[in-house]
Amino acid sequence: MKLQVSAKEPVSRVLTAVAEEVRLQGIQGTLVHDLNVIVDEIHANIRMHVAEDNPNLNWTLLVEVGAECLELVVEYPGQYFDPTNAKPMSGDSLGARADGGMGLHLISALSDEFHYNYQDGINTMIVRWNLKGDSQENRLCR
């Protein structure tokens, strides 16, 4: 499923489309919840940090379900920002820690792989879940 998303639109439309796609592909349970959290976080980050300078920004969401993995690919134009290099969460309590960073930590914690690429002004995030947890050779879904 490939979806064009306006940064202005509510995340509910995106989550509904993703939920329908993964349901049709037989994905259920905790993985659906984790996917929803990550899509919500990505949409919020694009809306708050990228679309702030470009309110008419559109981004692309691709959800692919294969026999071995589920892959979420997000592409958006903008300045280079590698979310996989965000500072790791410290042991601070939620009340004591600085704002920001929790969502990127959640993306890493809730997925099996989190990669980033930047080319020709396009940021690409790739988030993967291994659907065959019993096979070591499927660890990278490829």
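Visitor: Which residues of α3 are buried?
Guide: The model is a predicted one. A residue counts as buried under 20% relative accessible area. In α3 the buried residues are Gly 103, Leu 104 and Ile 107.

Visitor: What covers the buried residues of α3?
Guide: Contact here means heavy atoms within 4.5 Å. By that rule, the cover over the buried residues of α3 includes α2, β4 and β5.

Visitor: How far apart are the end C-alpha atoms of α2?
Guide: Helix α2 has 21 residues, 30-50. At 1.5 Å a residue it should span 30 Å. The model agrees with this, as the end C-alpha atoms are apart by 29 Å.

Visitor: Within what arc do the buried residues of α2 fall?
Guide: Among the buried residues of α2 are Leu 31, Leu 35, Ile 38, Ile 42 and Ile 46. Seen down the axis, the buried residues of α2 line one face of the helix, because they fall within an arc of 165 degrees.

Visitor: Which exposed residues does the face of α2 turned away from its buried side carry?
Guide: Exposed means over 50% relative accessible area. On the face of α2 turned away from the buried side, the exposed residues are Thr 30, His 33 and His 49.

Visitor: Is Asp 120 buried or exposed?
Guide: Asp 120 lies in the loop between β4 and β5. Its relative accessibility is 73%, so Asp 120 counts as exposed.

Methods:
Residues are numbered from 1 along each chain as its sequence is written. This is a predicted model: local features need pLDDT of at least 70, side-chain atom pairs count only at pLDDT 80 or more; totals for chains, interfaces and linings use all residues. Side-chain values use heavy atoms; hydrogens and water are left out. Helices (H or I, at least four residues) and strands (E, at least two) are DSSP runs, numbered from the N terminus. The expected span of a helix is 1.5 Å times one less than its number of residues. Buried means under 20% relative accessible area, exposed over 50%, partly exposed in between (1.4 Å probe, protein chains only). The arc is that of the directions from the helix axis to the C-beta atoms.
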